[in-house]
Amino acid sequence: MRTVDRLLAVVLGLAGLAGGLLVTAEVVAGLLDRPPLLLPVRSATAELTARSWSDTLVLVVAGAALAVGVLLLVAELTPRRRTELVLQPRDARVTCTVSTGSVGHLLEHAASGVPGVRAASARVRRRRARLDVSVPIRDRGEAGRMNERAAAAATGALTGLRLRSAPRLQVRRTEQGA
Amino acid sequence: MSGTTSEPPVARGPAALVPATRTRRAVRVNRVTLGVLGLLLAAAGAAALAVGLGRVSGVDRDDPVLDGPVRDLARDSGWVWPALGAATALLALYCLWWLLTQARTDRVGDLRVAADDLGTIDLVSRALADAVGDEVESYPGVTRAVARLTGSAQAPALSLRVTLDGSVPPDDVHARLVDEAVAHARLALGREDLTARVELVVPQLH
């Protein structure tokens, strides 16, 4: 969202600067009884005089303004997601964090290292982590043991991080054919 | 590697944070400005819709958007156009300030590390940040490290973004960062109270 905000800030800032200067110049020109510089003031006045509030175009523009306004407002009022998980401090003045995405990569790496696990993908949030491991189709007992080993490896990786509050790990197994 | 680290202090604090930013001020200004803009747009759109749908008593939905009284006011009153000109000039100034805010970071410049009758010693914060970054990049398990000093000259803070290769446990890197890199930065600045924020990044490992 910060990047989108930054982009919007640059675009709207430039538009507002140019528009503000232009309208100010038009007003000054009008006060000095000079003809309009760039803006089609007369045709815009005629258009707004000809159209009523119930005109379809006016309603569409009003609806679009309402929709964009509500969207902007909701986006800016929504609290930013806390995606940096804090490690247990080793120094009271040093805060060390690791992103949820990075934790996911660590879990995937740990599970992938278990013999027999073909692939692993993780999705980590602040309080919950989900690890999907895919194993080849085998007998039920062997697949279950493989799942347990992958879960143990991922739990070890998560514990080793020494997060201040580790997300709860949930491991899901998918069996795939050879 | 972490053998010299004593038991970590037990400190209370948040379990998760929002990602660090180099432009805290711009983030805040953007949020407020875009929020206010959204509010104004929503209010104007809702008001125009209410009039257009005939939900406002006293205003005919078939009246023109720019009706006679408004035109007369603009033509006959001496204050309307100067007021509009002043408002748009203020808008342009605000937009200029908003644009300039985007370019400002919270990086600190020079830091005074010593001063006496003979003179002063200033430390270029960029030089210290580069030295810290180079030191951290030399640690096993670290592929990239970017350091910068943020805050103010009176209360600087070290900010580090460290990319790992997965060969060394992140907590070991954390321990070494605290014991060595942050300690060296504190020594160089002569500030035992230097605070630091470290973001560890683990890319997809194969």
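Which domains does the domain assignment of chain A give? In this predicted model, for which local features need pLDDT of at least 70, side-chain atom pairs count only at pLDDT 80 or more, and totals for chains, interfaces and linings use all residues, the assignment gives domain 1 (2-77) and domain 2 (85-176), with bounds that come from an automatic or database domain assignment. Residues are numbered from 1 along each chain as its sequence is written, while chains are lettered from A and ligands numbered from 1 in the order in which they are written.

The centres of domain 1 and domain 2 of chain A, taken over C-alpha atoms, are separated by 51 Å. Residues 67-172 of chain A carry the UniProt annotation "domain: DUF6286", from an unreviewed entry; such annotations may be inferred rather than shown by experiment. This span is 43% helix and 27% strand, and its end C-alpha atoms lie 40 Å apart. Helices (H or I, at least four residues) and strands (E, at least two) are DSSP runs, numbered from the N terminus.

Between the chains, 67 residues of chain B are in contact with 68 residues of chain A, contact requiring C-beta atoms, placed from the backbone, within 7 Å. On the side of chain B that touches chain A, at least two residues each come from β1 (16-17), α1 (24-52), α3 (80-103), α5 (170-189) and β6 (195-201) of chain B. The most is given by α1(B), with 17 residues. This side of chain B comprises 44 nonpolar, 15 polar and eight charged residues, where Ala, Val, Leu, Ile, Met, Phe, Trp, Tyr, Cys and Pro count as nonpolar, Asp, Glu, Lys and Arg as charged, and the others, Gly among them, as polar.

Strand β1 (residues 84-86) of chain A runs antiparallel to β1(B), joined by two bridges; pairing requires that DSSP find at least two bridges between strands. Opposite A:Leu85 stands B:Ala16 in β1(B).

Terms used. Contact = placed C-beta atoms within 7 Å.
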